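Dear colleague,

I am passing on the structure we spoke about, and below it you will find some notes on what came out of going through it. Please read them with the coordinates open.

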Amino acid sequence: MGVPYHLVFLNQQLHEYNSARVGIDTNLSGQTATRKGIRQGCVLSPTLSNVYSKFEMRQVLDNWNGGITIGGGKVSNLRFADDKTLIAVSHEEIVALLNILEQQHEEFTLYAVVLTTTRPSCENEIRRRIQQARVAMTNLTKIWRGHNITKATKMSLIQSLVFSIFLYASETWTVEKADRARIDAFEMWNVEENAESSLYRPTN
């Protein structure tokens, strides 16, 4: 990709011979070598992830002429953070693209979660996000109903632990009337589920 060698070398030195320890309460495990991945919290990590993602899509879409036509140009993929959407006009096209993507992942020992749809709708994704957020909300019931945690803290936890799951990549959704009803129902479920915790009760 035209990256100068000295930058590649510096990044290699930064990531080689790293180790990690697991902490549980006050106990720490022994050191374990980390052989894959990027450093969590490192300012370089988002850039390195984006560089790899761009390289991967170049490999997948090199000389690819499929996709849909919009405004006279071909659109074969959409990207959001580390999510990728491949667009094809036929079953054969999408199978061919996924096969190329799988080969790339095998080469770099990666894995992918693949969702396919033949409908220009986000219904399945919205349903999936709602279900994941429901599970997260239910798993934390003890926190929502605890009396030693302030309302402000609970609201912050809901935003970071529940709605972050539900709204991930929501900027890309096409929300239809039925989808809006599902979203409203999910929000109402949150209110009803947490009525006993005083989380949503107005204060005097």
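Does Arg-182 count as buried, partly exposed or exposed, and why? The model is a predicted one, and in it Arg-182 has a relative accessibility of 21%, so this residue counts as partly exposed, given that buried means under 20%. Arg-182 belongs to helix α7, which runs over residues 177–193. Once its neighbours within four places in sequence are left aside, Arg-182 is in contact with Glu-123, Arg-127 and Ile-130.

Of the contacts with a separation of 6 or more, 51% are between residues 24 or more positions apart.

Ile-130 leads on to helix α4, where it is one of the buried residues, together with Glu-123, Glu-125, Ile-126, Arg-129, Ala-133, Ala-136 and Met-137. Viewed down the axis of α4, these buried residues fall within an arc of 160°, and so they line one face of the helix. The helix itself comprises the 17 residues 123–139 and reaches 24 Å from its first C-alpha to its last, close to the 24 Å expected.

Helix α4 also meets helix α6 (residues 151–166): their axes come within 7 Å and cross at roughly 160°, which makes α4 roughly antiparallel to α6. On the α4 side the contact is made by Arg-129, Ile-130, Gln-132, Ala-133, Ala-136 and Met-137, and on the α6 side by Ile-158, Leu-161, Val-162, Ile-165 and Phe-166. By type, the residues of this contact divide into 9 nonpolar, 1 polar and 1 charged.

Helix α3 (residues 91–107) has 17 residues that should span 24 Å at 1.5 Å a residue, and its end C-alpha atoms, 25 Å apart, agree with that. Its buried residues are Ile-94, Leu-97, Leu-101, Gln-104 and His-105, and they cover an arc of only 95° around the axis, which puts them on the same side of α3. An α-helix has 3.6 residues a turn, so residues three or four places apart point the same way. The buried residues of α3 pack against α2 (45–61) and β8 (83–86), whereas His-91, Glu-92, Gln-103, Glu-106 and Glu-107, on the other side of α3, are exposed.

Conventions. Residues numbered from 1 in each chain as written. Predicted model: local features only at pLDDT ≥ 70, side-chain atom pairs only at ≥ 80, totals over all residues. Heavy atoms only, no water. Helix = DSSP H or I, 4+ residues; strand = E, 2+ residues; numbered from the N terminus. Expected span 1.5 Å × (residues − 1). Buried < 20%, exposed > 50% of the residue type's maximum accessible area, 1.4 Å probe, protein only. Arc of directions from axis to C-beta. Axes fitted to C-alpha atoms, helices over the stretch in contact; angles between N-to-C directions. Parallel < 35°, antiparallel > 145°, perpendicular 65-115°, else oblique. Contact = heavy atoms within 4.5 Å. Nonpolar A, V, L, I, M, F, W, Y, C, P; charged D, E, K, R; others polar.
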